[in-house]
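Take a look at the model below. Then read on for a short tour of its inside, its surface and its charged pairs.

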Amino acid sequence: MLMPLTIQAQSPETNHSFTLEEAIRYGIQHNPTLEGSRIDEQIVEEQIKEVRGSALPQVSGNGRFTDNYSLAQQLLPAEVFGGEPGTTIPVTFGVRYSVTAGAEVSQTLFNQQLFTAIKSTAALKDLYKLNTLKTTQDLVENIAKLYLQVQVTTVQRNIAQDNYDRINQLVTIAQLQFEDGLIKRTDVTQLEVNRANLQTQLEDINFGIAQQANQLKTLLNLPVSHTLVLTENLIETPAYPVQDSLTLRTNIQFRQLQQQKDLNELERKAAQAEYLPSLSAFFSYGYQGQTNEFKFTGPGYNSFTNGTWGLSLNVPIFDGFQRQHRVQQRRLEGQQLRKQQEQLTNTIRVDYQNALNQLALGQRQVDNQKQNIQLAEELYEATSLSYKEGVAPLTELLDAETSLQESQSNYLSALLQMKVSELDLLKTSGQLATILETEL
């Protein structure tokens with residue numbers, strides 16, 4: 001019987017009971033790594049808005065107040081003002097106080113590089129969404145595997161406890177037989193050694209369960225001191241229906257690389273767009289006021305306005321072949337991505353086939369080990385009875401016990417590997433990503 005993992009809690013608020021789906025949903029909501037991926041998405045969203053803002057009208061304003069408390073003077077010929085020829089007189093230019101204000105507006109009319117950059121940021125957003133989905137898939141996979149490992153290890157603990165109880169009973173019987181002179185002291189000692197080994201094995205298993213539980217709590221972002229109870233028996237739960245073929249386009253790694261290729265193509269087009277001219281419109285308006293007295297209305301205060309508008313054309317001519325080299329860099333990066341995609345495609349197909357083979361092998365081994373455990377239990381019971389009756393020697397009993405433990409260990413290993421293969425097949429085929437996108 002599968003026993004849920006339970007660790008002592010301090011209060012009801014620290015008690016958490018989860019089915020696998022509940023644990024997955026809780027982890028998706030609270031896992032810090034996944035929250036970081038979502039924040040990355042928000043950062044990219046703001047970057048997209050920033051780039052798009054470059055295509056909107058750009059407006060700026062300016063203002064200035066000046067106090068020319070000591071006006072500059074220049075010497076001019078005195079005869080200009082009716083003075084004596086050959087002499088000069090100082091003349092003051094300007095006014096003491098002045099104020100200026102203005103506004104400028106510009107609007108991009110055509111800039112292919114900017115327009116392509118906007119498309120690139122949208123593609124980057126899709127890539128970050130896939131990164132978040134990949135992080136989610138890895139989280140779900142790790143939660144499911146730890147959930148399963150805890151339960152398999154719990155079954156292993158229950159089996160080890162049964163073996164310990166059985167050997168402990170044999171030690172009691174052997175001591176009575178030794179006292180009656182039916183067996184030697186070495187037989188009792190050998191059984192006591194086996195019991196001590198089983199005790200150590202139990203302690204190791206309990207320690208392993210605690211470690212696995214703490215790892216699961218870390219994924220769920222739960223404090224280590226909280227209680228975690230796993231309520232769904234994954235060992236007896238039927239396997240999730242697995243699709244019978246590989247669909248590359250749903251595999252997250254393949255989709256990520258494809259999105260990187262699309263992004264690279266847009267970056268190449270953006271580099272090529274640097275060869276094209278850009279056109280923008282501009283408009284400006286200004287105001288200026290001047291006075292020699294600290295007042296800005298009435299007699300003695302003069303004001304002026306000015307304004308301009310027009311078109312600005314920028315034609316790139318020669319930049320030392322920088323644009324050409326940028327375009328070539330993007331092309332070479334595209335070649336790299338295509339080679340990576342070819343390699344990834346082969347890797348995914350191999351992983352998918354290996355998962356299929358491992359799943360089929362695991363199913364056969366689980367069935368075989370179930371029968372083997374039954375035979376080993378029958379052999380042990382028969383040998384144990386013969387030993388108690390004094391017919392079979394201790395070595396036969398110990399051999400039967402070893403065979404039983406090996407068959408139990410092989411069964412649990414095959415069971416765990418089969419369940420893990422189911423997860424690997426769901427992940428590699430892209431089915432797990434599809435489930436996450438549609439159901440979570």
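## The model

The structure is a predicted model. Keep that in mind throughout.

## The nonpolar cores

In soluble globular proteins, nonpolar side chains tend to be buried together. The largest nonpolar core here has 45 residues. Those with the most contacts inside this core are Phe18, Leu20, Ile143, Leu216, Leu220 and Leu228. Several elements give two or more residues to the core, including helix 1 (20–30), helix 4 (185–220), strand 6 (227–230) and helix 6 (322–388). Helix 3 (112–179), helix 7 (394–428) and helix 8 (431–439) are also among them. The largest share comes from helix 3, with 13 residues.

Which residues does Leu20 touch, leaving aside its neighbours within four places in sequence? Leu20 is in contact with Ile143, Ala144, Tyr147, Glu232 and Leu234. Another core lies apart from the largest one. This other core has 21 residues, among them Val171, Ile183, Leu191 and Leu394.

Leu109, Phe110, Phe115, Leu276 and Leu311 make a nonpolar surface patch of about 430 Å².

Look at Phe115, which is found in helix 3. Is Phe115 buried or partly exposed? Its relative accessible area is 31%, so Phe115 is partly exposed.

## A buried arginine

Arg268 sits in helix 5 (residues 252–272). Its relative accessibility is 16%. Buried means under 20%, so Arg268 counts as buried. Leaving aside neighbours within four places in sequence, Arg268 is in contact with Val327, Arg330 and Arg331.

## Checking the length of helix 7

Helix 7 has 35 residues. At 1.5 Å a residue, helix 7 should span 51 Å. Its end C-alpha atoms are 50 Å apart, which agrees. Just after helix 7 comes Gly430, with a positive phi of about 90 degrees.

## Salt bridges

Side chains of opposite charge can pair when their charged atoms come close. How many salt bridges are there? The count comes to 17.

Start with Glu141, which forms a salt bridge with Lys145. Their closest N and O atoms are 2.9 Å apart. Both residues lie in helix 3. They are 4 residues apart, about one turn of the helix. Glu141 counts as buried, because its relative accessibility is 7%.

## Two further pairs and a network

Glu293 and Lys295 also meet in a salt bridge, through their side chains. The N to O distance is 3.9 Å. Glu293 is partly exposed at 48% relative accessibility. Lys295 is partly exposed as well, at 27%.

Asp319 and Arg326 form another salt bridge, with their closest N and O atoms 3.9 Å apart. How accessible is each partner? Asp319 counts as buried, at 19% relative accessibility. Arg326 is partly exposed, with a relative accessible area of 28%.

How values were computed:
Residues are numbered from 1 along each chain as its sequence is written. This is a predicted model: local features need pLDDT of at least 70, side-chain atom pairs count only at pLDDT 80 or more; totals for chains, interfaces and linings use all residues. Side-chain values use heavy atoms; hydrogens and water are left out. A nonpolar core is a set of buried Ala, Val, Leu, Ile, Met, Phe, Trp, Tyr and Cys residues joined through side-chain atoms within 4.5 Å. Buried means under 20% relative accessible area, exposed over 50%, partly exposed in between (1.4 Å probe, protein chains only). Contact means heavy atoms within 4.5 Å. Patches are made of residues with over 30% relative accessible area and no salt bridge: like charges are joined within 9 Å, nonpolar side chains (Val, Leu, Ile, Met, Phe, Trp, Tyr) within 5 Å. Accessible areas come from the Shrake-Rupley method with a 1.4 Å probe; for residues, only the protein chains shown count as cover. A salt bridge is a side-chain nitrogen of Lys or Arg within 4 Å of a carboxyl oxygen of Asp or Glu. The expected span of a helix is 1.5 Å times one less than its number of residues.
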